[in-house]
Amino acid sequence: MEWLNLGLVLGAGYVLALAGYKLWLAVKSLLGQIKQTEAALGGFGPDDFSIEPAKPSTPEDLSRLLRARKAMQKRKAHEREERRRRLVARISSINIDRR
């Protein structure tokens, strides 16, 4: 009986050792992937690029930019209206049985 208990304890220890080894290998692989990812992403950052808003340098540029902005706003308003019109047409074409 004592040999059976000893065998169970040793078997359980072996299984736990295998599970721990497998976990250690997984963590080692994960840390390697994290290091590779950090190295790949190391070059990216806010220092690499900067976005500067458009600044008109002459009054002609200002008027051109204002016209372009008005045209963009008008185009977007037209697109919204067209989308609303299509949506209303699609909803009104649905045949609902109201009994």
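**Notes on the predicted model**

1. S92 is exposed, with a relative accessible area of 58% (exposed means over 50%, buried under 20%, partly exposed in between, with a 1.4 Å probe and protein chains only). S92 belongs to helix 2 (residues 59-92), helices being DSSP runs of H or I of at least four residues, numbered from the N terminus. A polar atom of the S92 side chain lies 3.0 Å from the backbone oxygen of A89.

2. This is a predicted model, in which local features need pLDDT of at least 70, side-chain atom pairs count only at pLDDT 80 or more, and totals for chains, interfaces and linings use all residues. Residues are numbered from 1 along each chain as its sequence is written, and side-chain values use heavy atoms, with hydrogens and water left out.

3. The protein has two helices and zero strands. Of its 99 residues, 0% are buried.

4. The count of salt bridges comes to four (a side-chain nitrogen of Lys or Arg within 4 Å of a carboxyl oxygen of Asp or Glu). Among them is R75 with E79, at 3.2 Å from N to O; both residues lie in helix 2, four residues apart. R75 is partly exposed at 42% relative accessibility, as is E79 at 41%.

5. E81 and R84 also form a salt bridge, with the closest N and O atoms 3.2 Å apart. These two residues of helix 2 are separated by about one helical turn because they are three residues apart.

6. R85 and E82 meet in a salt bridge at 2.8 Å, N to O. R85 is partly exposed at 46% relative accessibility, and E82 is partly exposed at 26%.

Terms used. Polar contact = N/O pair within 3.5 Å; in protein donor to acceptor, adjacent residues only side chain to side chain.
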